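Here's a quick tour for anyone meeting this protein for the first time. Have a look at the model, then read on.

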Amino acid sequence: MNGTEEQATMMAFDEAAEELATTGLRLLMLLREGTLEGVEQEDGSWLIARASLERLKERGGVPPVKQKGCASSCTASGCASCS
């Protein structure tokens, strides 16, 4: 794929985060779980597949983070993660 084709099918990481109104960390999580597709560059930066981003937007955007840990039977006190 040459530079022009890559620009047409891929977008910069920061641009994708802005378009999805989310953080870079959340974008990395979406890449890791396979919700978004991307390519890591040699320098460690990421390019995001435009088609993948558009599919996510069509499905309603960035899904909420799945909470782990405290459940209704939590007996911890004072951690404030359940409130």
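## About the model

This is a predicted model, where local features need pLDDT of at least 70, side-chain atom pairs count only at pLDDT 80 or more, and totals for chains, interfaces and linings use all residues. Residues are numbered from 1 along each chain as its sequence is written, and side-chain values use heavy atoms, with hydrogens and water left out.

## The whole chain

The protein has four helices and three strands, in the order α-β-α-α-β-β-α along the sequence. Helices (H or I, at least four residues) and strands (E, at least two) are DSSP runs, numbered from the N terminus.

Of the 83 residues, 22% are buried; that means under 20% relative accessible area, while exposed means over 50% (1.4 Å probe, protein chains only).

## A look at helix H3

Which residues of helix H3 (residues 24-32) are buried? They're Arg26, Leu27, Leu30 and Leu31. These sit on the same side of H3, because they cover an arc of only 145 degrees around the axis, judged by the directions from the helix axis to the C-beta atoms. On the other side of H3, Leu25 and Arg32 are exposed.

The cover over H3's buried residues includes helix H2 (13-19), strand S2 (38-40), strand S3 (46-49) and helix H4 (50-58). Just after H3 comes Gly34, with a positive phi of about 85 degrees.

Notes. Contact = heavy atoms within 4.5 Å.
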